[in-house]
Protein chains: 2
Amino acid sequence: MTTSHTDAFPLSRRMRDVRGSAIRDLLTLTARPDVLSLAGGLPATEALPRDRIAAAAERALRRPAAVQYGETAGLADLREALAVHESGRLGRPVGAADVLVTSGSQQALDLLARAVVDPGDAVVVEDPVYVGALQVFQAAGADLHAVPLDADGMDLDALEALLRGGLRPRLVHTVSSFHNPRGVTLAPDRRARLAGLADRYGLLVVEDDPYGLLAFDGVPPRPVAAHGDRVVRLGSASKILAPALRVGWLTGPAPVVAAVERLRQCADLCGSTFTHAIAAELLADGPWLAAHLHRLRTEGAARAAAFGAAVDAAFGAAVVRSRPTGGMFCWLEVTDGTDTDVLLDRALAAGVAFVPGSAFSVGRPRTEAARCCFATLGGSALREAVSRLAAAWRAAATHGRPA
Amino acid sequence: MTTSHTDAFPLSRRMRDVRGSAIRDLLTLTARPDVLSLAGGLPATEALPRDRIAAAAERALRRPAAVQYGETAGLADLREALAVHESGRLGRPVGAADVLVTSGSQQALDLLARAVVDPGDAVVVEDPVYVGALQVFQAAGADLHAVPLDADGMDLDALEALLRGGLRPRLVHTVSSFHNPRGVTLAPDRRARLAGLADRYGLLVVEDDPYGLLAFDGVPPRPVAAHGDRVVRLGSASKILAPALRVGWLTGPAPVVAAVERLRQCADLCGSTFTHAIAAELLADGPWLAAHLHRLRTEGAARAAAFGAAVDAAFGAAVVRSRPTGGMFCWLEVTDGTDTDVLLDRALAAGVAFVPGSAFSVGRPRTEAARCCFATLGGSALREAVSRLAAAWRAAATHGRPA
């Protein structure tokens, strides 16, 4: 008996909803040495504390247990260091038992979606949306509802209108500080109001906060979670220590944290005891961390300013841009009708990459927009990237204007 | 408006099907220094090549890219080394593009289940089953069908009877070599027959093979995947290099590998470039690897023999045990009616841990069975563990015999 399946490899229905990441695909393209990339959300490689990591790695490996399996929730020392950090951010005690270490904050987001979202459940996301959240919620089969952002972050009047209209989302996802991709930060009064809405309507807010410590003024915004208990906070060491440690974390209501931990058992058993030990040492070294973060912020602010000035000089009124006060991203909106999907092809030919707005679109199209990461490139490379982008734009304006 | 949800944190329906791992939970208990553990599937900590890892770590960190984000499919050097390894195992060329690196083989299994199994789909597992597979397929909502094992591995007559009866599983999962927990190995003729059944019925076999290189005779069994194309192979560096590298891998039909890679983008973006670089160096160093594996196998064989002899001496005819020819596990069946769930409590009190058969049960109960890992403890500790187990058994036989 030979069935008709013999040559086919059927995939799950879920796979129809799983978009590849345009950004991750673009990263492969932009690995070309002739392309200056504003596309990836990569911290500056030269700013990552390699020497400090090497010293911590050497120390960690003196202990035999550093190469063995670890607890699913993460290395105890790391959870302790993260609990101290989160306690400081929230202004109330967070215990090590309330912290779950994950493989970057992306894993926290994916496991959280699997733990609380059933296919068809409503989930609120920001528009434009963090691509990694969009992928996760699509894979979970969520019914997505978009709430727009303005210069002060998520438009809570729009959110409250949805809630008053009867929507009961399982999750409301927000990148509260230095938004990816939009570059804006949720205003203090909105943070309190969002936590209040969560209490009032029995929602769960996901405060996705990988960039909070990259506040240019050295004062990380007070988290939404400082204002209420119905908030799951996601953090990451990728933007402040190194992506290759694969250390993110999740804190929040105990039943949710426990469910995510149970899912992690079958997702990948545990993280790396070795990289957890490195992260624990660096995060617990207060004076070193403070100085390191100061350098990151200072350099980030300088790059944001240089990028902004170069864009203003090259594009003038043809581009309206966000004014980032931290983080890694600047959002450009081209006002002359240029389609940024078309522009990307020309930009790659000119040796520069960015992410077109369409990648972050969940409500209306974003063909006028572009996300640029100002953190990756320094000095002359950053200016050259803007110069190439402007040249590509001028060429597109001449030849490629959409009808 | 205050809803009744205010104090509740509803979880997804999936969470009802996600069992915690009895083994992972037990690991927390057995972290007590007074407990000698035969429970975890932990390689011998002192046999993990910490010095070699430290040297590779130091070298890896000379390159700035080692701490940056990496490609979702894994570091190119590592995929190349794994492709060479898999080519050797399969006896035909496997390209680096056909290898996807995952966070241990457990992540490969989880992502594979998400990529091909819809809720309600039939999946065939072995009985007794690898706990991590059971958790993954339960979380995927699979309709599980158990096929028994005998001394030559999966009973293919039983599998074929299911297929002839009309069952069309999405996946057939097997730990083909040195089975966890059963300690048996799929016989060569059954390997060819299983691949043939996959072709004939359009199945996809998951050959879960973390232990193949731990063959005591130095000759890893020829993989099922050497006999056909409808096989996804999972491998792991955890048992041969170190669990903390979090390096596993998956090879198989291109559409399946591509789907798993797409899912990994949203699961956790990528693995650690740093630990990938370490694993790549060690796996590519042929002479060192050969000598290291020789030491692992020699020590493993000695521990298996010591464990077996101690069990035979202490239990005599009251225990029938598997005769492992590689890997890490020995399966005990107590013939005097002792309930191993009851025995575990007494064993913990006596300072020794094992995993009761009930943890691996998918068809019939396994209350007569116990999985013991002979790899973790050495010399006198291993003998002392068996001595404590025998004392607990004698106490249970006197006081705790089930009615």
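In chain A, four strands form an open sheet in the order 10-11-14-13, and their pairing is antiparallel. The model is predicted: local features need pLDDT of at least 70 and side-chain atom pairs count only at pLDDT 80 or more, while totals for chains, interfaces and linings use all residues. Residues are numbered from 1 along each chain as its sequence is written, chains are lettered from A in the order in which they are written, and side-chain values use heavy atoms, without hydrogens and water.

- Strands are DSSP runs of E with at least two residues, helices are runs of H or I with at least four, and both are numbered from the N terminus; two strands pair if DSSP finds at least two bridges between them.
- Strand 10 of chain A is joined by three bridges to the antiparallel strand 11 (residues 329-334) of chain A, where A:L332 is the bridge partner of A:R321.
- Across strand 10, strand 11 and strand 14 (369-373) of chain A lies helix 10 (residues 286-315) of chain A, at about 160° to strand 10 of chain A.
- Angles run from 0 to 180 degrees between N-to-C directions, and axes are lines fitted to C-alpha atoms, for helices over the stretch in contact.

**The eight-stranded sheet of chain A**
- A further open sheet of chain A has eight strands in the order 2-9-8-7-6-3-4-5, with mixed pairing.
- At its edges stand strand 2 (99-102) and strand 5 (153-154) of chain A, each with a single partner strand, so one side of each is left without a neighbour in the sheet.
- Strand 2 of chain A and strand 9 (residues 248-251) of chain A run antiparallel and are joined by four bridges; A:T102 has A:G248 as its bridge partner.

**Salt bridges**
- Over all chains there are 48 salt bridges, each being a side-chain nitrogen of Lys or Arg within 4 Å of a carboxyl oxygen of Asp or Glu.
- One of the pairs is B:D127 with B:R366, whose closest N and O atoms are 3.3 Å apart.
- This pair links distant parts of the chain, 239 residues apart: B:D127 is in strand 3 (residues 122-127) of chain B, and B:R366 is in the loop between strand 13 (355-356) and strand 14 (369-373) of chain B.

**Relation of the two chains**

Notes:
Contact means heavy atoms within 4.5 Å.
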